Amino acid sequence: MCGIIGYIGEENAVYFLLKGLKNLEYRGYDSAGIAVLSDVIKWKKVAGRVEELCSRVNPREMSGRIGIAHTRWATHGAVTERNAHPHFDCTFSIAVVHNGIIENHRHLKEILREKGHKFSSDTDSEVIAHLIEDALLLNRDFVSACMHAFSSLEGSFAAIVMKEGEHKIVGVRKDSPLVIGVSARGIFLASDIPSFLEWTNRVIYLHNYDMVVVDADPAPDACGDVRNVRDMCDVRDVNNHCGASHCGALSALTEKHASIRIYNLNEGLVQRPVDSVEVDIEQAKKGEFRHFMLKEITEQADTIKKAIQQDEETVKNVIDAIKNAFGIFFIGCGSSYHACLAGSYLFSRIAKTHVNAVLASEFENYEHFLTDKTLVFAVSQSGETADVLDAVRVARDRGSRVISIVNMMGCSLTRESDECLLMNAGPEICVLSTKTYTSQVTLMAMLAYALAGNYDDFVSEVKRLYLDIYNLTSRTMRERLCEVAKMLADKEHIYLIGRGLQYATALEAALKIKEVSYIHAEAFAGGELKHGPLALIDKGTPCIVFVSKDNASKIISNAEEVRARGGYIIGISSVNYDFDCWIKVPDSDMLNPVVQIIPVQILAYQLALLRGLDPDKPRNLAKSVTVT
Ligand code: F6R
């Protein structure tokens with residue numbers, strides 16, 4: 001989804017903003033733009049990639065210490081340069097970048113048009129600049145005009161604005177992510193941490209309705225309500241200490257430093273702590289790999305071990321919550337939902353505990369079953385998925401308890417949860433979920449085993465799996481899967497079947513193939529074939545079959561039904577049941593969903609390469625899906 005970044009500091013903003021946009025590319029986008037403020041605002045936009053934007057920005061013509069930039073994933077208005085951000089007021093002296101959806105934009109536009117405002121784009125975002133312009137006409141200063149404008153917005157928004165003549169940027173968030181990065185080289189506002197991680201790991205997480213003012217010219221008496229950046233960077237400068245008993249901040253601000261004030265639109269001035277994120281910057285780089293997707297696939301031997309490194313007290317609380325719950329739901333979207341489905345089978349098989357796996361976007365249909373005894377597990381890599389956040393709010397409104405499983409600490413979901421388990425997978429940059437999917441499944445298996453009192457056996461099993469996963473992601477395996485991919489690259493359809501845990505794997509595998517190779521891939525529960533899908537099978541139709549030792553006979557019969565109609569059977573299993581093509585994987589019993597998905601992740605990657613596609617950035621998709 002859209003990515004936004006703002007910078008204010010000592011150096012040319014253009015460098016930080018363009019690099020920041022590159023770091024945000026993984027979120028998915030279709031156009032990009034940048035605006036920089038010196039005496040006037042200068043901007044460039046493209047309906048295309050960030051590289052194109054970079055090539056069109058001449059740093060000699062465009063420089064300044066304050067700036068904002070954006071990658072757009074179109075929701076309102078076509079993918080055109082005119083609709084790319086930043087957007088402006090009528091005089092082009094206020095610039096805004098926005099992520100989210102302004103639900104009342106039509107109404108606001110009507111009012112503004114009646115007042116004579118002229119709009120230059122088809123977007124909902126542009127209203128923000130005009131609202132601020134309008135508020136300024138009422139003799140408000142820039143900050144209160146922003147506050148006024150933001151208060152009239154409905155929907156979800158993270159926005160950053162700047163104005164000619166004002167040495168500051170102002171940001172706001174509601175239901176869309178916005179974090180502050182505090183570095184000695186400047187202050188960043190951005191949709192997520194990887195955008196500025198190479199310059200700082202010190203972050204301030206904003207809450208809903210928080211508005212932040214980052215000021216390059218702080219008032220000299222700013223003590224108390226101004227949080228000095230140097231203070232937060234732990235740069236000690238005793239000469240500048242305020243000395244007032246109520247204030248630990250530095251007050252005499254030199255021109256070298258910006259200040260940060262955070263207001264909550266409902267509560268007034270607020271304090272938010274500065275956190276350190278423990279993410280190794282190397283993890284967010286490709287290293288020797290051509291693509292993040294392959295890098296992240298090969299990391300899985302490590303990431304599943306890290307998934308079970310959980311705080312004992314938290315796990316105990318979660319297990320107690322499960323035991324005391326009446327009605328348990330696992331909710332998620334896309335791959336995270338597939339992990340929920342696998343989790344529901346794992347809970348049933350291992351812990352004999354009933355769990356409902358529900359798509360987060362469908363969850364509201366179950367609201368009448370929610371009480372204060374219900375326990376909802378919200379599973380989300382990003383922790384920013386709007387459908388998941390909406391579902392969680394439905395649950396909370398009914399008094400249900402929420403436990404989240406996320407990969408990004410500090411994300412919106414953690415703030416809406418009673419308890420949180422971290423996947424510990426490190427940044428996942430490729431738009432496709434790979435390592436975080438297996439981490440989610442592993443975590444759920446861990447909870448099921450802990451519930452059944454077999455936690456220690458499970459830990460040994462995961463340790464044993466390390467070597468298996470290492471082998472599954474080895475060069476030999478990749479080459480073997482490249483050969484399989486060559487057979488499939490020109491196919492129009494690929495079908496996948498499994499039963500039980502393998503059905504969840506088939507769904508996830510189909511998603512991997514379709515989203516990265518654009519080949520139509522569809523999964524069925526093996527038993528369902530004869531109820532309709534068999535009609536699709538023709539001579540040579542490829543069908544991938546996931547087989548576990550414990551349910552082999554039934555799914556092999558289903559595979560035979562496909563073969564009898566001309567289908568070409570590719571088996572993923574520990575034993576060769578006379579498949580047309582066999583991909584050997586060790587049988588890992590309850591952890592089969594982890595090992596069996598890996599060959600298909602690699603296969604999907606190879607298919608993308610053979611079809612000339614960029615596996616890290618599939619068309620039309622976004623990493624953080626912040627709209628419903
Ligand atoms: C698939 C994929 C998506 C996400 C889905 C949920 O490869 O990445 O289907 O799984 O958008 O995202 P999170 O887990 O961030 O809520």
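A residue is called buried when its relative accessible area is under 20%, exposed when that area is over 50%, and partly exposed in between, with a 1.4 Å probe and protein chains only. The structure described here is a predicted model, in which local features need pLDDT of at least 70 and side-chain atom pairs count only at pLDDT 80 or more, while totals for chains, interfaces and linings use all residues. Residues are numbered from 1 along each chain as its sequence is written, and side-chain values use heavy atoms, with hydrogens and water left out.

Helices and strands are DSSP runs numbered from the N terminus, a helix being H or I with at least four residues and a strand being E with at least two. Helix H8 spans residues 300-307, and its buried residues include Gln300, Ala301, Thr303, Ile304 and Ala307. The elements that cover the buried residues of H8 include helix H7 (292-298), strand S21 (419-422), helix H13 (435-451), helix H14 (455-472) and helix H18 (592-610). Contact here means heavy atoms within 4.5 Å.

H13 and H14 meet at an angle of about 150°, and their axes are 8 Å apart. H13 is therefore roughly antiparallel to H14. Axes are lines fitted to C-alpha atoms, for helices over the stretch in contact, and angles run from 0 to 180 degrees between N-to-C directions. Angles under 35 degrees count as roughly parallel, over 145 as roughly antiparallel, 65 to 115 as roughly perpendicular, and the rest as oblique. The crossing of H13 and H14 is right-handed; a crossing has this hand if the near helix is turned clockwise from the far one by less than a right angle, and is left-handed if anticlockwise. On the H13 side, the contact is made by Thr442, Ala445, Met446, Tyr449 and Ala450, and on the H14 side by Tyr455, Phe458 and Val462. By class, these residues are seven nonpolar, one polar and no charged. Ala, Val, Leu, Ile, Met, Phe, Trp, Tyr, Cys and Pro count as nonpolar, Asp, Glu, Lys and Arg as charged, and the others, Gly among them, as polar.

Helix H14 also holds Asp468. Asp468 counts as buried because its relative accessible area is 15%. Neighbours within four places in sequence aside, Asp468 is in contact with Pro586 and Ser588.

Helix H4 (residues 126-136) packs on helix H5 (residues 142-151) at an angle of about 125°, with the axes 8 Å apart. H4 is therefore oblique to H5. Their crossing is right-handed. In H4, Ile128, Leu131, Ile132, Ala135 and Leu136 meet Phe142, Ala145, Cys146, His148, Ala149 and Phe150 of H5. This contact has 10 nonpolar, one polar and no charged residues.

Leu108, in helix H3 (residues 105-114), touches Ile102, Val127, Leu131, Ser152 and Leu153, residues up to four places away in sequence not being counted. Leu108 is buried, because its relative accessibility is 7%.

The cysteines remain to be considered. A disulfide is taken as a pair of cysteine sulfur atoms within 2.5 Å, and the whole structure has zero disulfides. Cys482 is buried at 18% relative accessibility, and its sulfur lies 13 Å from the closest cysteine sulfur, that of Cys581, too far for a bond. Cys581 is buried at 7%; its closest cysteine sulfur is in Cys543, 12 Å away, which is also too far for a bond.
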